[in-house]
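Hi,

Here is the structure I promised to pass on.

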Amino acid sequence: MKYKVGDLIKIVKSSGSGECYEIAGLVIKKYMSIPKIILNNPGENRRWLAEEGIKTCIVYDILYMGIIEEAILPEWIERW
C-alpha cells in the first residue's frame, strides 16, 4: 500500500522537474477507478487514458487547499 487514508502528501509539479508544491494535502480515500485527468468531460478523459494505456488502477481522493481532488494517480503525489 503506497498511501493510506490520513497520510499527508504533496503534489508533484507537472513540469517534469521532480519538484513538489509546498502546500500539504491529505489522503481521504483510496479505491480502484480510472484517473480523472480531464475534468468535466468523461468521454475525452476516457479517450486520453486509452491513448496513454492507462486503465483502472488504485487512485486517491485528496483534500488540497480546501478542495477535494478526485481519482489522483499515485505518481502525482509524494509523502510529505
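N40 sits in the loop between β2 (25–33) and α1; helices (H or I, at least four residues) and strands (E, at least two) are DSSP runs, numbered from the N terminus. Its backbone is worth a glance too, as N40 has a positive phi of about 65 degrees without being a glycine.

A71 also has a positive phi, of about 55 degrees, and is not a glycine either. A71 belongs to strand β4 and, at 0% relative accessibility, counts as buried.

A word on the ground rules. This is a predicted model, where local features need pLDDT of at least 70 and side-chain atom pairs count only at pLDDT 80 or more, while totals for chains, interfaces and linings use all residues. Residues are numbered from 1 along each chain as its sequence is written, and side-chain values use heavy atoms, with hydrogens and water left out.

Now the pocket. On a 1 Å grid over the protein atoms alone, a pocket is an open set of points where a 1.4 Å probe fits, with protein on both sides within 12 Å along at least five of seven lines; lining residues have an atom within 4 Å of a point. The largest pocket has a volume of about 360 Å³, a volume being the space filled by probe spheres set on the points, which are joined across faces, edges and corners. Its lining has 17 residues, and I11, V12, K36, I72 and W76 lie nearest the centre. Which strand gives the most to that lining? It is β4 (residues 67–72), with four residues. By type, the lining of the largest pocket divides into nine nonpolar, three polar and five charged residues (Ala, Val, Leu, Ile, Met, Phe, Trp, Tyr, Cys and Pro count as nonpolar, Asp, Glu, Lys and Arg as charged, and the others, Gly among them, as polar).

W80, from the segment after β5 (77–79), is partly exposed at 48% relative accessibility.

Last, the salt bridges (a side-chain nitrogen of Lys or Arg within 4 Å of a carboxyl oxygen of Asp or Glu). The whole structure has six of them. In helix α1 (residues 42–52), E44 and R47 are three residues apart, about one turn, and their side chains form a salt bridge at 2.4 Å, N to O. R47 also pairs with E51 at 2.2 Å, N to O; these two are four residues apart in the helix, so about one helical turn separates them. E44 is partly exposed at 28%, as is R47 at 37%, whereas E51 is exposed at 55%. Salt bridges with shared partners also join K4, D7 and R79 into one network.

Elsewhere, K13 and E19 meet in a salt bridge of 3.6 Å, N to O. K13 is partly exposed at 27%, and E19 is partly exposed at 43%.

Cheers

Key
Buried < 20%, exposed > 50% of the residue type's maximum accessible area, 1.4 Å probe, protein only.
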